[in-house]
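Have the viewer open alongside as you read.

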Amino acid sequence: MKYAFIFPGQGSQKIGMGKEFYDNFAVAKELFEEASDSLGLDMKHLLFEENDKLNLTSYTQPAIFLVSAIAHSVFQSECPLMPSVAMGHSLGEVSAVVISEGMSFAQGIKLTHKRGELMTQACEGKDAGMMVIVGLEDNILEEFCQNAQKQAKSIWCANYNGSGQIVLAGRKKDLSEAESTLKTLGAKRALLLPMSVASHCPMLESALPAFTQLLDESLNEHLSTFILSNATLEMYSTKAQAKALLSKQLTQPVLYKQSILKLNDEVDAFIEFGNGSVLRGLNKRLSSLPTWNIENLASLKECIDGVKSGT
């Protein structure tokens with residue numbers, strides 16, 4: 001069977017994620033220690049104890065990256081398996097690059113931390129935010145955003161998560177004022193998310209030079225697995241491609257729905273590594289192929305059993 005390894009992005013975090021793996025696998029403890037040493041931060045405190053940092057973008061991103069890396073490492077220790085392709089949702093694409101030997105774990109944890117810092121800095125003072133829209137087709141929202149921009153509004157399509165589910169990014173005031181219009185157009189839900197960044201839109205353009213430089217310093221020349229780009233749906237496996245496409249991803253919408261539809265004819269199953277089974281939930285609406293998620297001992301066993309049985 002051919003497998004696509006997939007990795008979640010921001011929004012899948014919660015206190016306690018990764019704890020079962022930490023308590024039961026030496027490799028999980030080792031990665032926690034390496035992450036803590038690399039960032040000069042107590043990752044056990046960040047992930048396992050109540051705190052005010054986990055939902056701050058610069059800490060959320062390395063936390064999610066760490067748990068995804070641990071889930072992948074634990075799975076490989078129990079059931080060695082090479083994917084045909086890897087991909088992620090937003091931040092998760094960095095995880096995909098790391099498991100494909102595009103950079104080291106230490107470089108990945110530092111990159112995700114810095115990525116979060118750069119995104120935060122780029123959005124400071126811009127009233128940045130994001131809003132999830134349910135119930136409108138892509139073309140209707142795209143036309144709405146184009147018309148809003150013509151009226152000097154800062155609103156863009158940022159995440160194509162599924163049929164009738166898109167996340168908008170932009171200025172909170174503009175997003176809030178658009179809610180009634182969106183519901184008039186037929187939106188079943190228009191919910192402003194508790195975020196202070198506007199991901200995957202032009203508001204992050206000022207972060208590009210520094211992030212591109214970090215990629216240049218971190219990436220290896222070749223990857224061991226093809227990665228499917230969030231931004232363009234291109235397959236890539238070289239440093240030059242990764243540098244260009246991961247940079248473009250900051251300011252271009254995440255084409256998650258389109259990515260899964262593209263892979264439907266190329267793989268037999270998806271395996272999600274990381275907390276929350278967010279992507280598994282999205283995939284249920286996009287694909288008839290099985291998707292397993294690995295976030296704890298029970299889901300690890302379920303996935304291994306499924307892989308071994310070929311179902």
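In this predicted model, α5 is mostly covered, with eight of its eight residues buried. Helix α5 spans residues 92-99, and it also turns up in the lining of a pocket, as the notes below show.

**Helix α5 and what follows**
- The buried residues of α5 are Gly92, Glu93, Val94, Ser95, Ala96, Val97, Val98 and Ile99.
- Just after α5 comes Glu101, which takes a positive phi of about 65 degrees.

**The second largest pocket**
- The second largest pocket holds about 190 Å³ of space.
- Its lining has 14 residues, and His72, Gln76, Val98, Ile99 and Glu101 are the closest to its centre.
- Sorted by class, the lining has nine nonpolar, four polar and one charged residues.

**The largest pocket**
- About 820 Å³ of space lies in the largest pocket.
- Its lining is made of 35 residues, and nearest the centre are Gln10, Gly11, Ser12, Leu193 and Met195.
- Elements that each supply at least two lining residues include the helices α4 (57-78), α6 (105-123) and α12 (278-284), and the strands β3 (128-134), β4 (155-162) and β5 (165-171).
- The lining of the largest pocket divides into 18 polar, 15 nonpolar and two charged residues.

**Salt bridges**
- Side chains of opposite charge can pair when their charged atoms come close.
- Across the whole structure, a search finds eleven salt bridges.
- In one of them, Lys114 pairs with Glu117, with the closest N and O atoms 3.5 Å apart. These two residues are three apart in helix α6, so about one helical turn separates them. Lys114 is partly exposed at 31% relative accessible area, and Glu117 is partly exposed at 25%.
- Another salt bridge joins Lys153 and Glu177, whose closest N and O atoms are 3.4 Å apart. Because Lys153 lies in the loop between α7 (138-150) and β4 while Glu177 lies in helix α8 (residues 172-184), the pair ties together parts that are 24 residues apart in sequence. Lys153 has a relative accessible area of 28%, and Glu177 has one of 41%.
- Lys243 and Asp216 also meet in a salt bridge, at 3.3 Å from N to O. Lys243 belongs to helix α10 (residues 239-251) and Asp216 to helix α9 (residues 208-218), so this pair ties together parts 27 residues apart in sequence. Lys243 is partly exposed at 27% relative accessibility, as is Asp216 at 30%.
- Through shared partners, salt bridges join Lys153, Lys173 and Glu177 into one network.

Note on methods: Residues numbered from 1 in each chain as written. Predicted model: local features only at pLDDT ≥ 70, side-chain atom pairs only at ≥ 80, totals over all residues. Heavy atoms only, no water. 1 Å grid on protein atoms, 1.4 Å probe; cavity = no way out; pocket = protein on both sides within 12 Å on 5 of 7 lines; lining within 4 Å. Points joined across faces, edges and corners; volume = space filled by probe spheres on them. Helix = DSSP H or I, 4+ residues; strand = E, 2+ residues; numbered from the N terminus. Nonpolar A, V, L, I, M, F, W, Y, C, P; charged D, E, K, R; others polar. Buried < 20%, exposed > 50% of the residue type's maximum accessible area, 1.4 Å probe, protein only. Salt bridge = Lys/Arg side-chain N within 4 Å of Asp/Glu carboxyl O.
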